[in-house]
Amino acid sequence: MLEPDIIVHNREQLIALLTEASEIEHGLMCCYLYAAFSLKTGEDSGLTSEQLESTRRWRGLIVDVAVEEMLHLGLVANLMSAVGATPHFARPNFPVASGYHPSGVTVELSRFCAEAVDHFVYLERPEGVELPDGASFGMTQSYVRATRADILVPSAQDFLTVGHLYRAIEDGFARLCDSLGADALFIGNRQAQMTPEISGFPELIPVFDVDSAKAAIESIVEQGEGSPGHSEDSHYNKFCNIRDDLATMRAADPGFDPAWPAARNPVMRKPPTPDGKVHVSHPEAANLLDIANAAYGLMLRCLMGAFGQTSASDQNRKALYGAAIDLMHAVAPLAERLAQLPASEDHHAPTAGLTFTLPRSITPIADTRTARLIIAERAQEIAHAAANSRYVIGSLEGVSPDLARIAAALDVGKDASTAPLPDAAPVKNNVITSAVEETNPTSNVEVAKGTNLTVYFEGKRCIHARFCVLQAPTVFMANTPGDWIIPDAMDVERLVAVAENCPSGAITYVRHDNRPDEAPPPVNVVRLRENGPYAVHADMDLAGQGPMKRATLCRCGASKNKPFCDNSHIEAGFEASGEPATRASEPLASRAGPLSVTPSRNGPLVVSGPLEILSGTGRTVDRATSVRLCRCGHSANKPFCDGSHTRVGFRAE
């Protein structure tokens with residue numbers, strides 16, 4: 001079929017095309033997630049172990065594609081910022097009405113099935129590849145969208161493939177640069193660009209000239225279509241492989257249905273024109289849908305606060321972008337549960353699903369301080385609603401604490417110039433209360449009482465760094481029957497220094513001589529051990545474990561004592577550099593104070609508070625007030641999370 005010419009004759013037309021590209025990326029991301037969340041991946045789904053292995057693999061692949069669509073949305077936002085426009089994160093609600101996109105581009109929510117996968121292959125097909133659309137997804141009516149070079153007002157135009165649209169955008173950048181000049185075209189403030197240093201994703205490159213614009217566009221096209229050469233990792237190829245796998249399994253078992261009967265185009269509110277839509281009215285489904293859509297809307301608010309902002313600090317933008325990623329992870333179990341619940345009280349109705357409903361109020365807020373306050377307020381509202389829902393139970397029990405943690409992190413993520421000072425450490429008898437007393441040691445902690453000092457040893461946290469037996473061999477007499485910790489065998493101050501040198505925090509102490517116990521460090525740090533764990537030294541609140549000052553946390557994904565390291569990385573042959581590249585970062589306004597470390601369910605370590613990330617040799621790798629650290633062992637961007645935990649099916653509370 002002959003491709004229509006796309007006209008880009010002025011800046012407004014270029015912005016119009018970029019706006020449609022944003023909505024295409026955003027819409028496809030939602031469609032892919034809807035299909036992924038409808039897949040049966042639980043042991044109670046009635047599938048065989050082989051079938052479950054396939055559905056879990058497909059889910060991981062589709063979520064990977066959706067994450068990359070979100071990265072494409074970010075690249076388009078940078079392209080818009082580069083020419084002086086505001087990044088666009090709104091889109092029409094589903095199903096997208098006929099005429100909004102070209103007649104061959106159907107954007108609807110559908111459960112995972114052969115027709116839907118065929119549709120995804122069709123949408124991601126490279127330029128020049130002719131394929132039929134999935135059955136029931138083809139155009140309902142044919143129409144033409146066109147403009148002329150002599151018309152001032154931007155108009156929607158036709159394109160056959162998404163790659164065709166981006167090729168026109170790339171040509172438009174080159175043409176306008178020639179006609180206007182680079183300085184006149186790229187007038188956006190460079191401080192508004194999202195960078196790898198802020199996002200943690202190396203793919204999110206800034207755009208400031210024709211070459212960087214071309215690089216961003218080529219990244220989108222190659223990751224989607226796989227051109228040139230149809231890359232094995234392209235979205236097109238991934239969906240082709242899923243299509244072929246599904247066909248093979250259906251041939252072996254014609255009754256194999258890998259997905260729940262989730263509704264086609266569910267809607268949150270009763271529609272005035274119900275044809276082709278399913279109103280989600282069942283009380284349980286409606287309540288969970290409300291919470292999930294609110295969290296999804298907050299995610300977009302966070303993205304709006306992170307992209308295209310010139311007055312917000314990089315620390316604040318990091319916090320907002322990290323919160324957006326965390327919110328998508330928090331929404332996932334709600335979306336999966338919705339696909340298993342009836343959409344209405346009619347027993348013939350299909351199951352529900354996440355509708356990704358957006359209110360009209362999802363528009364950028366110009367004032368950074370106001371936006372931050374609105375986001376923090378909204379996060380608290382959603383966390384409160386989840387905590388008080390009678391339906392957020394069972395498999396959803398982790399959702400409420402996840403949302404509460406995100407809300408707290410958004411408060412911490414305020415600009416340093418306006419952030420409140422951290423609360424003072426608890427004081428008792430004019431000294432800082434000890435970590436041991438705060439955590440209330442349990443029976444699995446050995447206690448050795450001395451005259452002036454009581455030593456506590458928690459064997460499950462020990463990584464055998466051997467500072468104790470090498471620096472205080474008369475106190476710590478390993479492999480000795482009976483009492484093996486003798487606190488009085490060494491000067492108190494020297495023993496305190498040895499205890500505080502224990503990286504895992506397996507050794508703690510309480511003094512009895514009216515001298516202060518262990519104080520928080522002057523700088524919160526995490527050290528990256530070569531092929532090993534994170535060694536954290538901070539005024540830390542480790543979720544589920546209580547306050548502590550020192551801990552070695554697993555980053556290989558294999559520990560049987562998560563979140564702590566148990567040296568499983570050795571047997572697993574884990575490889576991770578202790579010397580990653582330095583990232584550009586600004587000095588922290590405060591280098592100490594409370595640090596919240598939360599192991600997210602089946603995901604990364606989510607850290608909120610001032611933190612310096614150090615290499616094994618002590619070089620500063622990054623400084624942050626909000627960061628997500630990989631703990632599945634598979635990130636290609638270690639130590640930072642890149643979403644690989646979803647692809648590999650990482651499981652950890």
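Trainee: Which helices do the buried residues of α8 pack against?

Mentor: An α-helix has 3.6 residues a turn, so residues three or four places apart point the same way. Here the buried residues of α8 pack against α1, α2, α3 (114-123) and α7, where contact means heavy atoms within 4.5 Å, and where helices (H or I, at least four residues) and strands (E, at least two) are DSSP runs numbered from the N terminus. Among the buried residues of α8 are Phe239, Ile242, Leu246 and Met249; buried means under 20% relative accessible area, exposed over 50%, and partly exposed in between, with a 1.4 Å probe and protein chains only. This is a predicted model, in which local features need pLDDT of at least 70 and side-chain atom pairs count only at pLDDT 80 or more, while totals for chains, interfaces and linings use all residues. Residues are numbered from 1 along each chain as its sequence is written, and side-chain values use heavy atoms, with hydrogens and water left out.

Trainee: How confident is the predictor, and where does pLDDT stay under 50?

Mentor: pLDDT is the predictor's confidence in each residue, from 0 to 100. The mean for this protein is 88, and 94% of its residues reach 70 or more, but over residues 412-443 the value stays under 50.

Trainee: What is the volume of the largest cavity, and which residues lie nearest its centre?

Mentor: On a 1 Å grid over the protein atoms alone, a cavity is a set of points where a 1.4 Å probe fits but cannot get out, and lining residues have an atom within 4 Å of a point; grid points are joined across faces, edges and corners, and a volume is the space filled by probe spheres set on the points. The largest cavity has a volume of about 190 Å³, and of its 17 lining residues Ile198, Ser199, Gly200, Val627 and Arg628 lie nearest the centre. Strand β13 (620-629) gives the most to this lining, with five residues.

Trainee: Is asparagine 602 buried, partly exposed or exposed?

Mentor: Asparagine 602 counts as partly exposed because its relative accessibility is 22%. Its phi is near 60 degrees, a positive value in a residue other than glycine, and asparagine 602 lies in the loop between β11 (594-599) and β12 (605-614).

Note on methods
1 Å grid on protein atoms, 1.4 Å probe; cavity = no way out; pocket = protein on both sides within 12 Å on 5 of 7 lines; lining within 4 Å.
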